[in-house]
Amino acid sequence: MAKIHVTTTINGAPTEFLCDANQTLLDVLRDQLGLTGSKEGCGSGDCGACSVTVNGRLVCSCLVLAPEAEGAKVETIEGMADGDKLHPLQKKFVEMAALQCGICTPGFLVASRALLERNLNPTETEVRYWLAGNLCRCTGYDKIVSAVLDVAAEMRAAGVKEAAQ
Amino acid sequence: MTDIQYKAAKTVREACTLMAAADGKGRILAGGTDLLVQMKAGTVAPGVIIDVKKIPEMVSIAKTKGGFRIGAATPAAAIGEHEELCKAWPGVVEAINLIGSTQVQGRASAGGNLCNASPAADSVPALVAAGAIVNIQGPSGKRQVPVEQFNTGPGRTSLANGEIVVSLTLPARPKGSSDAYLRLIPRTEMDIAVVGCGVSLTMKGDTCVAARVGLGAVAPTVLLVEDAAKALVGTKLEDAALDAAAEACSAACRPIDDKRGTIRYRTKIAGVLLKRAAAIARDRVNGISTQAH
Amino acid sequence: MSKPQYKWIGTRPDRPDGADKVTGRARFGADFNLPGQLVGKVLRSPHAHARIRSIDTSAAEALPGVKAVVTAADFPEQADLIVPTGEMQVNLRDITRNIMAREKALYEGHAVAAVAATSEAIAKQALGLIKVDYEVLPHVIDVAEAMKPDAPILHESLRTEGANPPATTASNIAKRIEFKKGDTAAGFAQAEVVIERDYSTQAVHQGYIEPHAALASASEDGQVQLWSTTQGHFQVRGFCSRLLNIETSQIRVTATEIGGGFGGKTVVYLEPVAIRLSQKSGKPVKMVMSREEVFRASGPAPGGNVKVKIGATKDGRIVAAECTVEMQAGAFPGSPVGPACMCSYACYDIDNIHIVGFDVVSNRPKVAAYRAPGAPISAWAVESTIDILAQRLSMDPIDLRLMNAAKKGTKTAYGVTFNTIGMVETLEAVKNSDHYKTPVKPGYARGVAAGFWFNVGADSSAAAHVGEDGTVTVISGNPDIGGSRASLALMAAEELGVDYNKVRPVIADTASIGFNFVTGGSRVTFATGLAVVNSVRDLIRELKVRAAKIWNVDPEGVMWENGVAKPAGSNVGEFEPLSIAQLAAQAGRTGGPINGHAQLNVTGAGPGFGVHVADLKVDSDTGVVTVGRYTAAQDVGTAIHPSYVEGQLQGGAVQGIGWALNEEYIYNTKGKLENPGFLDYRMPVASDLPMIETILVEVPNPTHPYGVRGVGEVPIVPPTAAIGNAIARATGIRMTDLPMSPPKLSEALDTATPRMAAE
């Protein structure tokens, strides 16, 4: 069976790749496109370390088949900073020590940004439920939740209507 | 290199043709949140993966005569964003929105959840309580099945070769109706339901005039518990009525002991959830909005 | 004692690897690739216990794309030799069998063969072609069952060490240990209240989000390069050296960034296999465990049964304490039953203590360290029992512990006498905390528990190099699992008197720095911190020598202050201060490159004490527990980087909460693990928890220049009992078995009559 040719957009860049029907988007990102920021923690959609957005929707890339990326807009952690300017969430995570080992951090950042793009005024409970699909074993979630709430507050204060820069 | 093929169908007919041609080795890809997990685990080895997400009617929500038609592959997140659906069927929506994490919600669909036919599927008890109809299309044409008859056992549906579920129809809603879905899970998220209970009520004043109860994760398929409904209809949903309906749920259970719960526990919780879900549904009829969590 | 005023220590600057970690640039184990690499996969036993009669790999070897196949025959036999690994001890003879089964498969998931192929698909196909002839044997999973005389025996040659009279027949009890202080019989005779209870816990997993990964590249000249996600790359080098008969200097191990370890990555699984496959195939071999393999075939923490008996006088003085611990070792001996026993009463000053422990093998994966290994299991039992005592005596649980608290001069049951410790201070901090002073909300109940961990020192090496522009690189060899790089840089900056941002910490590979013991035992900030401080002191010594040369004075006449060399007094002469940059500019003329280094075996690790408070409510119909408020207090020595110290307390507390409520290894009757995934191995998710408040009590460790105590492990010790004690007070039910999951709690609620939990 010949490989499938996929044309897609990843972090704003037109991208093409060849893949098998049963390869996941995560596989292709990591093994073929050199985008190893998305991590495989479980391969079954239970940990969120592979989180990306596809056409604006937060998904686990381990549960998206690579051919599905055809014609889609994919955003990964590598596209979150603007050149050398970190996204406010990225900055805040470092400032507030919202990471220890850092393996879950890309997933949390992608998921948090997706939240703030929809809701710039989430309650602590809303943040926790939105991020329930992102497992962290190091931090106990406390500083992650605080960081997201702080960024939301700062963005509201700055009059930002949506978190997309 | 692999022998597995991937095809994105553009119409329902094309999807059916591909399924039929695959002769049992075809698998529909909606959100993939069950299919990909099963492929990785080796429990499913498709020959052809048929992506239906490019078929507009399968990924959209339309209003019908007073009711709704939900495309079978519509992502759960999109269902949760549909204001009118949320207002008319808060129980169905919350049930679908409980399938997995936010990431899973970005992909998982009610059709996929139903066709995966897990006894513990979150959407199904609420769909059963809602009296949803499954719209099927196949080589021999279209047909409809009440959702409580659709699954025949764990992992088994009544679909014939080449048939696919195109959409789910939610019927028109009499005034004074609402619904609710509750599940028992050990954590607050990310778990498969130990028990799931959907209750749909129609009230006239403070009297219940119609009810349907769907119970999940307590039998090989989701149960339509008619005895529980009977115990509620004609009552004011006072404690005695709720207790009777709860007992009917516990009596209807045929659960198993497994890594998620015991027979004893599931039987008890079936009753507990009935009472709580019925109370929430009633509150919603009365305009008191309650979040399930 | 007033707190020292530091310029950098105690501040919260950005960690040096922060930008890389939040952009996806940081490279973890599975993020490394080499050209031409092969994919390595492991064939694992489907049986919990089976003799391996033969393995036929010929069909796999013949499959196109397969470049190498290995079995136990490819690994040399090992002597019966114990080596330290992190906080546990392992036997090389057992390790070689754990990484690749020899005579027997001893647990479901046990590695029996491995292949390297050009793709994952071919590798998996090859595994299916390997024919293993198993003779399935009866298996045993449960500790109590494994201890019975008629239990299936795992190792025919295993005799119970420490048995009295000496053991003559094969047993699954690998070891019996005992600790005694005073005379418990006499003590119990004095007691006016005696509480006796039996407890149990289940095996749990460290739950690191990153699966094990290794990339090995063996050259034709016998050298090996290895990238491994590990807590100890020197440890990995040592293991691989012995397991494969390769000289240590021939193996160069780079520790990748590590996605969590908590003790579980202080041992090897894939590394020796990847190296051997690389040697045989002549190509790099990359191996990554799936999540299922991590659960089935890495090293979980043991479960165990603990019997506790505590006697006290009516005013709350504990006069005698006993405990028996039966602990799972998994398939090979070596559970942390020793630390479990030693920690059990370490929080308290008790005259009469008697502890007995058993290390028991059964057909489960060999256990590995998990954050204060062993201690959470005995603490669950002891701290629950102390709570029963508090209820029986109608005493506040903090006051009861204050009355019996260990202090400086307390002699433990295992013979050590405490130096300056912080148990009393931590209890008092909790007593005076906002949480404890706030009345419990209606519907909620409050539980308190304490915990202890020794913390370790061991070997570290460090170096400090001055660049041409005067900035400093500080080199050490401990993988950073929790932010230690930042703490090392803070201590170096403090010692040098320069800006934190002028000090760059680097974690070197095994060829580029001297030996470092693992990242574990809460030792890095303490022991490697001390090595870093000493290497900086060595650097300062050399900087003073250079200044002396420039000024043409005796080096004794130079002092170092606030980052510059100065004359030590006006009698030395009038010289402008010289900065590191200025000294660096003249390095060539004054003796060459300016470096400092230090290497030491560090003793004097300060033990840590924690006290946790949990407010929770129990849904009495469903048995579901909601934690409403949680505080973790601990004596942390000196909080070098307070954010990361807080993070240790929060992370450990949440692991403990998961251990208390939902985490467990579930086996079926065939000895197969039923929940090898994050779906049914239920770790806490963000929505399960409140904020975790932390109280950092600073009781400096007198043996460290900055007063550092290890902090990482203590936080996992108190939570299970804090939760259990709160549940007891909420429901009147004293749960004795972990986890207290909803079906179990619901059953206990339904069957017990509500009554005082002390009965």
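The radius of gyration is taken over C-alpha atoms, and the globule rule we compare it with is 2.2 Å times the number of residues to the power 0.38. Hello everyone, and please keep that rule in mind for a minute.

This is a predicted model, where local features need pLDDT of at least 70, side-chain atom pairs count only at pLDDT 80 or more, and totals for chains, interfaces and linings use all residues. Residues are numbered from 1 along each chain as its sequence is written, while chains are lettered from A and ligands numbered from 1 in the order in which they are written.

Let's start with chain B. For its 293 residues, a compact globule would have a radius of gyration near 19 Å, and chain B agrees because its own value is 19 Å. Its C-alpha trace spans about 60 × 45 × 35 Å along the principal axes. Chain B has 11 helices and 14 strands; these are DSSP runs numbered from the N terminus, H or I of at least four residues for helices and E of at least two for strands. Of the 293 residues, 59% count as buried, meaning that 20 or more other C-beta atoms, placed from the backbone, lie within 10 Å of the residue's own.

Chain A next. Here we find 5 helices and 5 strands, in the order β-β-α-β-β-β-α-α-α-α from the N terminus. Its radius of gyration is 16 Å, close to the 15 Å from the globule rule for 165 residues, so chain A is as compact as a globular protein of that length. Buried residues make up 64% of chain A, and its C-alpha atoms fill a box of roughly 55 × 30 × 25 Å along the principal axes.

Now, how do chains C and A meet? In this contact, 43 residues of chain C touch 42 residues of chain A, where two residues are in contact if their C-beta atoms, placed from the backbone, lie within 7 Å. On the chain C side, α1 (18-23) and α19 (642-661) are the elements that give two or more residues, and α19(C) gives the most, with 8. By class, that side has 19 nonpolar, 16 polar and 8 charged residues. For the classes, Ala, Val, Leu, Ile, Met, Phe, Trp, Tyr, Cys and Pro count as nonpolar, Asp, Glu, Lys and Arg as charged, and the others, Gly among them, as polar.

On to the inside. In soluble globular proteins, nonpolar side chains tend to be buried together. A nonpolar core here is a set of buried Ala, Val, Leu, Ile, Met, Phe, Trp, Tyr and Cys residues joined through C-beta atoms within 7 Å. Which residues touch the most other members of the largest one? Among its 420 residues they are Val199(B), Cys249(B), Leu274(B), Ala277(B), Val115(C) and Ala492(C). Helix α16 (residues 524-551) of chain C gives the most to this core, with 12 residues. As for Ala277(B), its contacts include Tyr181(B), Leu182(B) and Val199(B), leaving aside residues up to four places away in sequence.

Last stop: α16(C) packs against helix α15 (residues 484-496) of chain C at an angle of about 35°, with the axes 9 Å apart. Axes are lines fitted to C-alpha atoms, for helices over the stretch in contact, and angles run from 0 to 180 degrees between N-to-C directions. Ala492(C), which we met in the core, is among the α15(C) residues making this contact, and Val532(C) is one of those from α16(C). The residues of this contact divide into 9 nonpolar, 5 polar and 2 charged.

Technical notes
A residue is buried if 20 or more other C-beta atoms lie within 10 Å of its own, exposed if 12 or fewer, and partly exposed in between; C-beta atoms are placed from the backbone.
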